[in-house]
Protein chains: 2
Amino acid sequence: MSKFRLKVHFTLCLFLILPLLADAQSNQKDEDAFYIRSIFDHALTSSNAYDWLYDLCKGIGARLSGSPQAAAAVNYTRQIMDTLQLDSVWLQPCEVPHWERGKQEIVRVVNSSQIGSLPLKGVALGNSIGTPAGGITAEVVEVKTLDEVDALGEAGVAGKIVFFNRPLDPTHINTFRAYGGAVDQRGSGASRAARYGAVGVLVRSMTTSLDDVPHTGSLRYDPDYPAIPAIAITTKDANLLSQLLENESVRVYMYSDSRMLSNKISYNVIGEIKGSEFPDEIIVVGGHLDSWDLGEGAHDDGTGCVQSMAVLQTLRQLGYQPKRTIRCVLFMNEENGLVGGRTYWQASDDKNEYHMAAIESDRGGFTPRGFTAEGRDDVFKKKFKKATRWLPLLEPYGLTLSPGGSGADISGLKSQGGLLFGLYPDSQRYFDYHHTDADRFETVNKREMELGAGAMTALVYLLDKYGLD
Amino acid sequence: MSKFRLKVHFTLCLFLILPLLADAQSNQKDEDAFYIRSIFDHALTSSNAYDWLYDLCKGIGARLSGSPQAAAAVNYTRQIMDTLQLDSVWLQPCEVPHWERGKQEIVRVVNSSQIGSLPLKGVALGNSIGTPAGGITAEVVEVKTLDEVDALGEAGVAGKIVFFNRPLDPTHINTFRAYGGAVDQRGSGASRAARYGAVGVLVRSMTTSLDDVPHTGSLRYDPDYPAIPAIAITTKDANLLSQLLENESVRVYMYSDSRMLSNKISYNVIGEIKGSEFPDEIIVVGGHLDSWDLGEGAHDDGTGCVQSMAVLQTLRQLGYQPKRTIRCVLFMNEENGLVGGRTYWQASDDKNEYHMAAIESDRGGFTPRGFTAEGRDDVFKKKFKKATRWLPLLEPYGLTLSPGGSGADISGLKSQGGLLFGLYPDSQRYFDYHHTDADRFETVNKREMELGAGAMTALVYLLDKYGLD
C-alpha cells in the first residue's frame with residue numbers, strides 16, 4: 001500500500017472513529033455524573049455517619065490519647081468497620097503520650113485596685129505541667145509576640161507570668177489563616193518565656209469569637225529550658241486583663257494540677273477494600289480518633305472519622321468495585337503528639353507501600369467548599385492538573401480544588417509521591433468550638449456533615465477510576 | 001497628510017496609548033480589589049450589624065405584621081437609620097393584615113389501638129382560621145400531593161381531616177429547591193381539601209430535619225371554598241401519624257383559636273444616600289422587617305435587615321460618595337401578605353422611578369456563596385453578562401453569580417428593567433430554623449452574617465461605580 005493510500009485510510013478511519021470517541025467521552029462523563037449523584041443521594045439519605053457520630057460524642061465523649069474513652073473509641077469504630085463488609089479490618093499499635101488535666105484550674109487577678117480580686121476563666125494547655133501545689137502568684141507582663149519576649153529579656157520577664165495576647169486577625173476570610181497567624185503563642189510561648197526566667201504563662205484563647213469559652217490545645221516544651229505551666233484564658237477575660245494592665249501592675253494567682261503520665265499503648269483503626277486491578281496503589285481516607293478532653297470531640301475530629309467510614313460504607317452499599325485499594329484510617333493522637341500518623345507512615349514506608357492519594361477530614365463537619373491539595377514538588381503540578389479535570393463533576397456540589405495543606409495525620413505520606421488532599425469545609429464557625437467544651441454533637445448539622453462525606457466519596461471514586469498518572 | 005501617514009500615526013499612537021490603557025485598566029482593577037478588601041475589613045471589624053440584630057431579636061423579638069413588636073421594630077430601625085448620616089430617612093405607610101395565633105393549639109390522636117391517645121406537636125399555619133370552640137374531631141386521611149386530594153374526591157375527603165405528608169426531598173443540594181418542591185401543601189392544601197368537604201388540615205412541617213420543632217408559614221384561602229383550620233405538625237410526629245395510619249383508621253382532635261383581625265397601618269422603613277451623578281438611578285438593598293410570631297425572626301429576616309443597614313453604614317464610614325442613589329428598604333409584611341413590597345413597587349412605578357438594581361437578603365444569615373440574579377427578559381442577558389465581569393473581584397470572598405430568583409419584596413421591580421439580586425448564603429441549616437421558635441439570635445454566627453453584609457456592600461459598590469449599561 002502506498003504511503004498516500006495509507007494516509008487516506010488513516011484519515012478515513014479518524015473520521016469514522018472520532019465521533020465514536022467523542023461519544024464515548026461524553027458517555028463517560030454522563031456515567032460519572034450519574035455515579036456521583038448516586039453517591040450524594042446515598043450520603044444524604046442512607047449513610048449511618050450521623051448515628052456513629054452520636055455514639056462517639058454521647059456514648060463515649062471526649063477521647064484524649066491514653067484515656068479510657070480513647071480506648072473505647074478504638075473498640076467502637078473497629079466494631080463498626082467490622083459491619084461494613086470490608087476485606088480486612090485491623091488495629092495498628094502505637095505508644096501515645098498520656099496527659100491529664102487534673103481536677104481544677106484557677107486563674108485569678110489578686111490585687112487590682114480597679115476591680116479587686118477577679119477570677120478569669122481558663123483551661124490548662126495540653127501537655128502543660130501543673131503548678132506547685134500552692135499555685136503561683138506573680139506579676140503579669142503582656143506581650144503580643146514571641147519576639148517581644150526576647151526584647152524584654154530577663155530584666156522584663158524573670159519571675160513573672162507572661163501573658164500572650166495577640167488576637168486572631170478577623171479580616172482573614174479563611175479562619176484557619178487567622179489561627180495560623182496566632183497559634184505560635186500557644187505552641188511555643190511557654191518555652192520562650194521560660195528562657196528568660198518566667199514562672200508561668202497565660203495565653204489568649206485561639207478563637208475568632210469574643211466569648212466566655214476557654215480553648216485548650218497543645219504546647220511543645222523546648223528541652224533546653226525549664227517547663228513552666230501554661231493556661232489559656234477566654235478572649236473576653238484576655239481583653240479585661242489587658243485593660244487592667246493599661247493602668248497598673250497586676251498580679252495573678254494561677255493553679256493547675258495537670259500532668260504528663262507514662263505512655264500508653266493505643267491504636268490506629270484501619271479498614272480496607274482491596275483493589276481489583278491495582279491493589280498496590282492505595283487511596284486513604286481518614287480523620288483522627290483522639291480529641292481533646294473538653295466537650296465531645298464532635299467537629300474535631302469525630303466528623304472526620306465518621307465521614308471516612310461513610311466513604312467505605314457508601315461505596316460498598318452502591319456495589320462499587322474499586323480498582324485500587326481503598327483504606328480508611330482513624331489516626332490516634334493527632335492532638336498532642338501525632339504518634340498515630342507517624343507510626344502509620346513509617347510502617348507504610350517500611351513496607352514500600354505507595355499511597356497514590358490520601359484525603360484527611362480534620363477541619364470540622366461544616367458544608368464542604370472543596371479540597372486543598374499538596375504533593376512532592378516533583379509530582380504535584382502534573383497530578384494536581386489531572387485532578388482539576390474533574391472539576392466539572394464536582395462543581396454541582398459547590399466543590400472546588402485548590403493548592404493548600406492536607407492534614408497532619410497524612411502529611412508524612414508526601415514522600416511516597418502521591419497527592420494529599422484536605423477536605424475544605426466552610427471555616428467560619430470552626431474556631432467557635434475548636435478545643436473547647438462547646439465542641440459537641442448538637443453543633444454538627446447532619447446535612448453539612450453528610451455533604452462532606454459525599455464530597456470525599458466522590459473524590460475517592462474519581463481517584464480510583466482514573467488514577468493520577 | 002496622506003492616508004498612509006495617517007495610518008502610521010494612528011498605529012504609533014495606538015502603540016503609545018495601549019500600554020497606558022492596559023495600565024489604567026489594571027490600576028482600576030487593583031483599586032477595586034483594594035476597595036472591596038476595605039469593605040470586608042469594615043464589615044468584619046467595625047459594623048454594628050450584630051448589635052442591631054441583638055436588639056431586634058432580644059429587645060423586640062418576633063415581629064408579626066400588625067403586632068406591637070412590628071411597630072417597635074419600625075421605630076427602632078428608623079432610629080438606627082437616623083444615626084447613619086443618610087441624606088433622608090422616611091416611613092412609607094401600608095395597610096397590613098393582622099393575624100393572631102391565639103392562646104393554644106392542640107393536636108391529639110384520640111383512638112389509636114396501637115398507642116391510645118397521643119399528643120402531636122403542632123402550630124397553626126399563618127392566616128388560618130381557628131377551629132370551633134370545642135375543636136374538631138375527625139378521621140384522618142393521608143395524602144402526599146394536592147392531586148391525590150382531587151383523586152380521593154368528596155367520597156374520600158368529606159368530613160375528614162386531610163393530612164399532607166410529602167417530605168422535602170433531601171437529595172437537593174440547595175435546600176430551597178427541596179422547600180419549593182413541598183410548600184404547595186402548606187400554601188394551598190387547606191383550600192384544596194375544603195373543595196371536597198374536608199373539615200381541617202394537618203401539614204407536615206416544611207423542614208429538611210427530622211425533629212420536634214413545628215414550622216408555621218402562610219396559607220392562602222381560595223375564596224371559592226370554605227376556609228378550614230390548618231395546623232403544621234413536626235416531621236417526627238408526621239412520621240408517627242403516618243405509621244399509625246398504615247395499620248388502622250385514626251381519629252384526631254384538633255383545636256386552635258387563631259384568627260384574622262382587622263387590618264392595621266404599618267410601614268416600610270427607608271433610608272437613602274442621594275447619588276452625585278445619576279441620582280435617578282436607584283440601587284436598593286433590603287430585607288423584611290416583619291417575621292413570624294414564633295422565635296425571634298433572627299435568620300428570617302432580622303439578618304437581612306441589619307445587613308442592608310450595614311451596607312449604608314459601611315459605605316458612609318469609608319467615606320464613599322455614590323454616583324447613584326443607594327437606598328435601604330426594610331419591607332413590612334413579607335410573611336403573610338407582601339403588602340410592604342407591593343406598596344413600594346406601586347409608589348415607585350407611579351413616580352416613574354428607575355431601579356437599576358435591587359438586592360434582597362432573605363435566605364438567612366449564613367456564609368454567603370454569592371448572588372442569584374433575575375431581570376426582565378429583554379434586558380437580563382446583557383446586564384447579567386456585565387455583572388459577571390466582576391467575578392474576579394468577588395471570587396476571593398467565595399462568591400459567585402448565577403441566574404436565579406431574587407427576593408419576594410423586590411420581585412415587583414423587575415418591570416423597571418433593572419437587575420434583581422438575591423443574596424445566596426449556604427442553605428443547609430436554614431430550614432432547621434425557618435418559621436419556628438428556634439429562629440433565635442444565638443443561631444446566627446457573627447462572622448457568617450457579616451460576610452453576607454460585606455458581599456452585599458461589595459456588589460453595591462460595583463453596581464454604583466460601573467452601572468449595568
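Which residue stands opposite A:Val109 in S3(A)? We get to that pair in the third view below.

A few ground rules come before the close-ups. This is a predicted model, where local features need pLDDT of at least 70, side-chain atom pairs count only at pLDDT 80 or more, and totals for chains, interfaces and linings use all residues. Residues are numbered from 1 along each chain as its sequence is written, chains are lettered from A and ligands numbered from 1 in the order in which they are written, and side-chain values use heavy atoms, with hydrogens and water left out.

**View 1. Where chain A meets chain B.**
Here 25 residues of chain A touch 25 residues of chain B, contact meaning heavy atoms within 4.5 Å. Together the two chains bury about 2,000 Å², with 50% of it on carbon and sulfur atoms; buried area is the accessible area (1.4 Å probe) that two parts lose on being put together, summed over both. Look for two salt bridges between chain A and chain B (a side-chain nitrogen of Lys or Arg within 4 Å of a carboxyl oxygen of Asp or Glu). In one of them, A:Arg429 pairs with B:Glu448, and the closest N and O atoms are 2.9 Å apart.

On the side of chain A that touches chain B, the elements giving two or more residues are helix H1 (3-45), strand S14 (368-375) and helix H13 (446-466) of chain A. Helices (H or I, at least four residues) and strands (E, at least two) are DSSP runs, numbered from the N terminus. H1(A) gives the most, with five residues. That side of chain A divides into eight nonpolar, nine polar and eight charged residues. Here Ala, Val, Leu, Ile, Met, Phe, Trp, Tyr, Cys and Pro count as nonpolar, Asp, Glu, Lys and Arg as charged, and the others, Gly among them, as polar.

**View 2. An open sheet running from S1 to S15 in chain A.**
Follow the eight strands in the order S1-S10-S12-S11-S13-S16-S14-S15 of chain A, with mixed pairing. Strand S1 (88-100) and strand S15 (400-403) of chain A sit at the edges with a single partner strand each, so one side of each has no neighbour in the sheet. Two strands pair if DSSP finds at least two bridges between them. Strands S10 (residues 259-273) and S12 (residues 324-331) of chain A pair in the antiparallel sense over five bridges, and A:Gly271 stands opposite A:Cys328 in S12(A). Helix H3 (residues 68-82) of chain A lies across S1, S10 and S12 of chain A, at about 5° to S10(A). Axes are lines fitted to C-alpha atoms, for helices over the stretch in contact, and angles run from 0 to 180 degrees between N-to-C directions.

**View 3. An open sheet running from S3 to S4 in chain A.**
This one has eight strands in the order S3-S2-S9-S5-S6-S7-S8-S4 of chain A, and the pairing is mixed. Strand S3 (116-120) and strand S4 (122-124) of chain A are the edges, each with a single partner strand, so one side of each is left without a neighbour in the sheet. Now for the opening question: strand S2 (residues 105-112) of chain A pairs with S3(A) in the antiparallel sense over four bridges, and A:Val109 stands opposite A:Leu118.

**View 4. Backbone spots worth a second look.**
Most residues other than glycine have a negative phi, and most peptide bonds are trans. A cis peptide bond joins A:Asp300 and A:Asp301, with omega about 5°, and A:Asp301 is in helix H8 (residues 298-317) of chain A. In chain B, the peptide bond from B:Asp300 to B:Asp301 is cis, with omega near 5°. A:Asn127 has a positive phi, near 80°, and is found in the loop between S4 and S5 of chain A.
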